[in-house]
Structure formats: structure tokens, C-alpha cells
Amino acid sequence: MLPTTEYCAKRRILSVFLKGELDHHTARPARELCDMALNKYRPALLVLDFSSVTFMDSSGIGLVMGRYKRMQELRADVLIANPPPQVEKLMRLASIDKLVRIVYTAHTASVKE
Amino acid sequence: MKNVKNHLKLIFPSLSENEALARLAVSGFLAGSGADVSVIAELKTAVSEGVTNAIVHGYRNSFGLVTLEIKLLSSGRVRIFIKDKGAGIEDIEKAMEPLFTTAPEEERAGLGFAIMQSFCDKLKVKSTPHKGTTVTMEKYIYKRNEP
């Protein structure tokens with residue numbers, strides 16, 4: 001299942017809404033879309049929203065780490081938003097939460113408009 | 001075979017879209033077993049890592065078949081084998097180190113074995129260079145009565 005990833009940019013915040021199962025097969029298109037949007041908007045903050053991610057393995061960790069490095073080069077910030085329990089467990093196992101802050105928001109819809 | 005309650009063998013080509021198929025096979029196989037939901041989620045993740053390893057590393061410069069075998073044992077454990085006939089691993093200890101990867105260009109995190117290890121009770125890796133790799137995992141599938 002390919003994630004039909006969407007994004008939206010508002011002021012200097014770029015939100016990327018990842019969807020479906022994030023594995024080695026689907027990470028590449030998600031990563032490419034992410035980087036395309038990053039290069040287009042050069043945001044000060046990238047929000048990776050995981051609320052619609054139904055499965056993730058270490059490929060998702062690779063995706064987050066890659067974007068984190070890219071944002072550091074741009075002197076910008078990254079946030080992980082709304083990971084489901086399975087996803088959050090894996091992020092903590094990989095100690096990603098030590099590098100990137102994980103937040104839970106109730107306004108996903110309003111960011112998306 | 002008398003201590004094997006159920007058994008599944010799935011053979012598929014090393015295409016990345018089959019990673020999802022392998023996960024579906026695990027959850028389908030365990031659906032009627034009464035396994036704990038979080039155990040199924042962990043096994044799906046571990047199998048996803050193992051099958052991805054076979055496809056990305058085992059058959060890195062080639063194409064071949066991946067075998068996924070699942071056995072439900074009467075002890076309440078599930079034993080999973082992931083087998084490839086690909087490149088094999090030169091140094092298993094090194095390969096199992098967290099963050100070690102031979103495919104950084106693909107943004108592989110190097111966490112496959114670490115995840116399999118922490119999501120399973122037992123993990124065994126057998127490999128011969130140029131012959132292939134077999135990963136064996138074992139996990140108790142019911143809720144444990146621990147605090």
C-alpha cells in the first residue's frame with residue numbers, strides 16, 4: 001500500500017501528513033515528496049505528522065533521521081506529531097525522541113485547513 | 001510435528017512490495033490464535049525487518065526467492081524463519097550492531113537486528129557468504145501474567 005502523503009505550508013511551517021504503512025517499499029516516495037516540499041518552501045519548522053500511519057518499521061526511523069539531518073543543514077527544526085502507540089514505541093526504541101521532540105496535537109485538522 | 005499446532009510456508013520473489021505481504025501473512029496466521037495484540041504488532045515489525053534485510057541486503061545485487069515460515073507451537077510460542085539464498089553476511093556480529101548498515105544511501109537506519117532482538121524472545125542468525133541467510137525468531141504470543 002503506497003502512502004498518499006500530503007503536505008501543507010503555512011507561514012514558515014511545513015506539515016507533512018504521512019499515511020498508511022511506512023516500510024522500505026513505501027519510504028522512498030514519502031521521502032521524495034518530503035524533500036520536494038522542503039526544497040520548495042525552505043521552512044523554519046517541519047512537522048512530520050504520523051496520525052494516519054498504520055504501521056512503521058526501521059525504514060520510518062531512517063526517514064525521520066534523514067529529514068532531521070537535512071533540517072539541521074537548513075538550521076531549521078523538526079517535530080514529530082501524533083504517532084500511534086506502535087510507532088511511538090519504535091521511535092523510543094531507536095531513541096529518536098532524544099533528537100526530535102514528539103508532540104500530540106488536537107488541532108491536526110486546523111493545521112490542514 | 002506433534003508439538004506444531006499450525007504451520008505456514010510462504011515463498012515469494014524479492015520484491016519490496018512483498019514486505020507488506022509478509023506482514024499480512026503474520027497477522028493472518030495469528031488472527032485466530034488468541035495472541036496478544038501487541039505481540040502481533042511486534043512480530044509484524046520484526047518480520048518486516050527480517051524480510052527487508054533479505055530483499056535489501058541478501059538480494060542486493062541479485063534477485064531471488066525469500067521463504068517465510070511460521071510455526072505455532074503447542075507451548076504457546078511462535079517460531080518464524082526468514083530464509084534467503086542471497087549474498088550472506090560476512091560478519092554477523094558486526095551486522096547486528098545497532099546503527100551499522102551497509103546501505104546508508106537508502107537511508108537504512110541500521111536498526112533491523114536491534115528491533116528484531118528487542119521484539120522477540122529469541123533470535124538466531126545463520127549465514128554463509130554467497131550462500132544465504134536464515135533468521136530464526138521465537139516469541140511467546142499470549143499475555144504474560146507479569147506485573
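In what order do the five strands of the open sheet in chain A run? The order is E1-E2-E3-E4-E5, with mixed pairing. This is a predicted model, in which local features need pLDDT of at least 70, side-chain atom pairs count only at pLDDT 80 or more, and totals for chains, interfaces and linings use all residues. Residues are numbered from 1 along each chain as its sequence is written, and chains are lettered from A and ligands numbered from 1 in the order in which they are written.

**Sheet of chain A**
- Strands (E, at least two residues) and helices (H or I, at least four) are DSSP runs numbered from the N terminus, and two strands pair if DSSP finds at least two bridges between them.
- Strand E1 (6-10) and strand E5 (101-103) of chain A are the edge strands, each pairing on one side only.
- From one strand to the next, the twist averages 25 degrees.
- Nine bridges join strand E2 (residues 13-22) and strand E3 (residues 45-56) of chain A in the parallel sense; A:Ile13 has A:Leu45 in E3(A) as its bridge partner.

**Contact between chains A and B**
- Chain A gives 18 residues to the contact and chain B gives 19 residues (C-beta atoms, placed from the backbone, within 7 Å).
- On the side of chain A that touches chain B, helix H1 (24-41), helix H2 (58-73) and helix H3 (85-93) of chain A each supply at least two residues, and the largest share, six residues, comes from H2(A).
- That side of chain A has eight nonpolar, six polar and four charged residues (Ala, Val, Leu, Ile, Met, Phe, Trp, Tyr, Cys and Pro are nonpolar; Asp, Glu, Lys and Arg are charged; the others, Gly among them, are polar).

**Helix pair in chain B**
- Helix H1 (residues 18-31) and helix H2 (residues 37-58) of chain B pack at about 150 degrees with their axes 9 Å apart (axes are lines fitted to C-alpha atoms over the stretch in contact, and angles run from 0 to 180 degrees between N-to-C directions).
- By class, the contact of H1(B) with H2(B) has seven nonpolar, three polar and three charged residues.

**Positive phi**
- Most residues other than glycine have a negative phi.
- A:Arg75, not a glycine, has a positive phi of about 55 degrees and lies in the loop between H2 and strand E4 (77-81) of chain A.
- A:Arg75 counts as exposed because it has 7 C-beta neighbours inside 10 Å (exposed means 12 or fewer other C-beta atoms within 10 Å, buried 20 or more, and partly exposed in between, with C-beta atoms placed from the backbone).

Definitions and conventions: Two residues are in contact if their C-beta atoms, placed from the backbone, lie within 7 Å.
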